[in-house]
Amino acid sequence: MKRLIIGISGASGAIYGVRLLQALHDVAEVETHLVISNAARQTLALETSLSLREVQALADVVHDARDIAASISSGSFKTLGMVILPCSIKTLSGIVNSYSDGLLIRAADVILKERRPLVLCVRETPLHLGHLRLMIQAAEMGVVIMPPVPAFYHLPKSVDDIIDQTVNRVIDQFDIALPVDLFTRWQDPN
């Protein structure tokens, strides 16, 4: 069983994290471990019609954001890596500065020290110099910075199409194959 840690922080765009959980829900070989920050609980309520329980039900394992003794807080717990989607600037800052005040940042810190893939889908705009410096520091530490920037080559017809393209590209970062891609991949037009 391959394990993937999915974090949802308080940044706008909680639907991205929800859609990632939905896309991986029926992928039998992937066990999802979910951590939702306290701020993300509020964002989920503001931005979606889903209850916290409905979102948690999409994950194989749910970890309390306050439980720093959870399995995912140890390097001996083997995983494919971790994605935080969306990732707030506060979470980015905590990771870069190794300020593990809760499970979300502690799990990311473990992923980094174990040299496993960490993908941060930073969701903020516009960006000031402090934000950019944090992203540079994270990249220097080995983090993949992957903001949820919409693409249009697949000719999206809805917001869901835009979300699906980003989510599928995140899944690609962990070399996980979905039974059916969520978007039409780029084809050589010639």
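Please bear in mind throughout that the model is predicted.

**First stop: the surroundings of Ser37**

Ser37 sits in the loop that runs between strand β2 and helix α2 (38-47). Show the side chain and look for two backbone nitrogens. The side chain of Ser37 reaches the backbone nitrogen of Ala40 at 3.1 Å, and it reaches the backbone nitrogen of Gly10 at 3.4 Å. Next, display the residues around Ser37. Setting aside residues up to four places away in sequence, Ser37 touches Ile8, Ser9, Gly10, Ala65 and Leu104.

**Second stop: the sheet**

Now switch to a cartoon view and select the strands. Six strands form an open sheet in the order β3-β2-β1-β4-β5-β6, and their pairing is parallel. The edges of this sheet are β3 (61-63) and β6 (144-145), each of which pairs on one side only. In general, strands of a sheet pair through backbone hydrogen bonds, in either a parallel or an antiparallel manner.

Within the sheet, select residues 2-8 together with residues 81-87. These are strands β1 and β4, which run parallel and are joined by four bridges. Which residue of β4 is the bridge partner of Ile6? The partner is Val83.

Eight salt bridges are found in a search of the whole structure. In general, side chains of opposite charge can pair when their charged atoms come close. Select Arg3 and Glu31 for one example. Arg3 forms a salt bridge with Glu31, and their closest N and O atoms are 3.4 Å apart. This pair links distant parts of the chain, since Arg3 belongs to strand β1 and Glu31 to strand β2, 28 residues apart. Are these two residues buried or partly exposed? Arg3 counts as partly exposed at 26% relative accessibility, and Glu31 is partly exposed with a relative accessible area of 21%.

Move to helix α7, residues 159-172. Select Arg169, Asp172, Asp181 and Arg185, which are linked in a network of salt bridges. Two pairs may be examined in turn.

- Arg169 and Asp172: their closest N and O atoms are 3.6 Å apart. Because the two residues lie three residues apart in helix α7, they are separated by about one helical turn.
- Arg185 and Asp172: their closest N and O atoms are 2.9 Å apart. This pair links distant parts of the chain, with Arg185 in the segment after α7 and Asp172 in helix α7, 13 residues apart.

Colouring by accessibility gives a further view of this group. Asp172 counts as partly exposed at 22% relative accessibility, and Arg185 is partly exposed with a relative accessible area of 31%.

**Fifth stop: the annotated positions**

The UniProt record, an unreviewed entry, places the feature "binding site" at Tyr153 and Arg169. Although these positions are spread over 17 residues of sequence, they cluster in space, with a largest C-alpha distance of 13.5 Å.

Where does Tyr153 lie? Tyr153 is found in the loop between β6 and α7, and it is partly exposed with a relative accessible area of 36%. Leaving aside neighbours within four places in sequence, Tyr153 is in contact with Gln165, Arg169, Phe183, Thr184, Arg185 and Trp186.

Arg169, in helix α7, counts as partly exposed at 32% relative accessibility. Not counting residues up to four places away in sequence, Arg169 touches Met146, Tyr153 and Phe183.

**Last stop: the annotated domain**

Finally, select residues 2-173. The unreviewed UniProt entry lists this range as "domain: Flavoprotein". The span is 41% helix and 18% strand, and its end C-alpha atoms lie 14 Å apart.

Conventions: Residues numbered from 1 in each chain as written. Predicted model: local features only at pLDDT ≥ 70, side-chain atom pairs only at ≥ 80, totals over all residues. Heavy atoms only, no water. Pairing = 2+ DSSP bridges. Polar contact = N/O pair within 3.5 Å; in protein donor to acceptor, adjacent residues only side chain to side chain. Contact = heavy atoms within 4.5 Å. UniProt positions renumbered as here; feature names shortened; annotations may be inferred. Salt bridge = Lys/Arg side-chain N within 4 Å of Asp/Glu carboxyl O. Buried < 20%, exposed > 50% of the residue type's maximum accessible area, 1.4 Å probe, protein only.
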